[in-house]
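Morning, everyone. Please take a look at the chain on the screen, and then I will walk you through it.

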Amino acid sequence: MFHNKHLSTLILALSLTACGSETETGGESAAKDNGPKRTNVLMITLDTMRADRLGYAGYEKAKTPHLDALAAASANFTNARTHVPLTLPSHSSLMTGLLPTGHGIHVNMQGALPAEVGTLAESFKRAGYSTGASIAAWVLASRYGLARGFDYYDEVDEELDLSLIHI
């Protein structure tokens, strides 16, 4: 259950746009005429990245043309804050709408989201979305509970990732 009123409202608004669907017909994609078109949602998180070092944020030396193009055609949040400056607890808050005291994840690599704590991906699944995540940090491994609700959860090989630390 989401306890943050504003996040709940956002999730509800996004869920309500998920009434349409697409089908494949003769190799061409055709939208069914059974409601409003589905809004695509893409969330990108960049761990330990300063926004003022990205091209779309005005940094001229940045080499981020694809991210800049995506940002130009998307909604961007320029006044974002975190409740905890650690990857797993911060992503747990992003994906649940709860503070660490509500979802129980306070530090990296300890614990997992309780089964009764709903996730953003589960909300999108219930609304009829196909969901997927590509994870580049083993600290967000599926065993910590963030994979719930995703059809596809591509995570890094933890042993390989840890071996790179010692290079």
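**A walk through the chain**

The chain exposes about 11,500 Å², and carbon and sulfur atoms supply 57% of that area. Accessible areas here come from the Shrake-Rupley method with a 1.4 Å probe; for residues, only the protein chains shown count as cover.

A word on where this comes from. This is a predicted model, where local features need pLDDT of at least 70, side-chain atom pairs count only at pLDDT 80 or more, and totals for chains, interfaces and linings use all residues. Residues are numbered from 1 along each chain as its sequence is written, and side-chain values use heavy atoms, with hydrogens and water left out.

Now the overall layout. The chain has six helices and four strands. Helices (H or I, at least four residues) and strands (E, at least two) are DSSP runs, numbered from the N terminus. Read from the N terminus, the order is α-β-β-α-α-α-α-β-β-α.

How much of the chain is buried? Of the 167 residues, 29% are buried. Buried means under 20% relative accessible area, exposed means over 50%, and partly exposed is in between (1.4 Å probe, protein chains only).

Next, contacts. A contact means heavy atoms within 4.5 Å. Take the contacts in the chain with a separation of 6 or more: 40% of them come from residues 24 or more positions apart.

Look at helix 3, residues 87–96. Nine of its 10 residues are buried, so helix 3 is mostly covered. Among the buried ones are Leu-88, His-91, Ser-92 and Met-95. Just after helix 3 comes Gly-97, with a positive phi of about 80 degrees.

Which residues have the most contacts inside the largest nonpolar core? They are Leu-88, Met-95, Ile-135, Leu-140, Leu-146 and Tyr-153, in a core of 18 residues. A nonpolar core is a set of buried Ala, Val, Leu, Ile, Met, Phe, Trp, Tyr and Cys residues joined through side-chain atoms within 4.5 Å. Helix 3 and helix 5 are the elements that give two or more residues to this core. Helix 5 gives the most, with three residues.

Stay with Leu-146 for a moment. Leave out residues up to four places away in sequence, and Leu-146 touches Leu-88, His-91, Ser-92, Met-95, Leu-113, Leu-140 and Tyr-153.

Move on to the loop between helix 4 (100–103) and helix 5 (120–126), where Gly-104 lies. Gly-104 counts as partly exposed because its relative accessibility is 43%. Gly-104 is 12 residues from Ser-92 in sequence, and their C-alpha atoms are 9.0 Å apart.

Met-109 is in the loop between helix 4 and helix 5 too. Met-109 has a positive phi of about 65 degrees, although it is not a glycine. Most residues other than glycine have a negative phi. Met-109 is partly exposed, with a relative accessible area of 43%.

**Salt bridges**

How many salt bridges does a search of the whole structure find? Three. A salt bridge is a side-chain nitrogen of Lys or Arg within 4 Å of a carboxyl oxygen of Asp or Glu. Side chains of opposite charge can pair when their charged atoms come close.

One joins Asp-52 and Arg-50, at 2.9 Å from N to O. Asp-52 is partly exposed at 41% relative accessibility, and Arg-50 is partly exposed at 48%.

Another joins Arg-148 and Glu-122, at 3.4 Å from N to O. This pair links distant parts of the chain: Arg-148 is in the loop between strand 3 (132–134) and strand 4 (152–154), Glu-122 is in helix 5, and they are 26 residues apart. Arg-148 is partly exposed, at 21% relative accessibility.

Then there is Lys-125 with Asp-151, whose closest N and O atoms are 2.8 Å apart. Lys-125 lies in helix 5 and Asp-151 in the loop between strand 3 and strand 4, so the pair ties together parts 26 residues apart in sequence. Lys-125 is partly exposed at 33%, and Asp-151 is partly exposed at 48%.

**A patch on the surface**

Last stop. Leu-42, Ile-44, Leu-46, Met-49 and Leu-70 form a nonpolar patch on the surface, with about 450 Å² of accessible area together. Patches are made of residues with over 30% relative accessible area and no salt bridge; like charges are joined within 9 Å, and nonpolar side chains (Val, Leu, Ile, Met, Phe, Trp, Tyr) within 5 Å. Met-49 lies in the loop between strand 2 (28–31) and helix 2 (65–72). Met-49 counts as partly exposed, at 42% relative accessibility.
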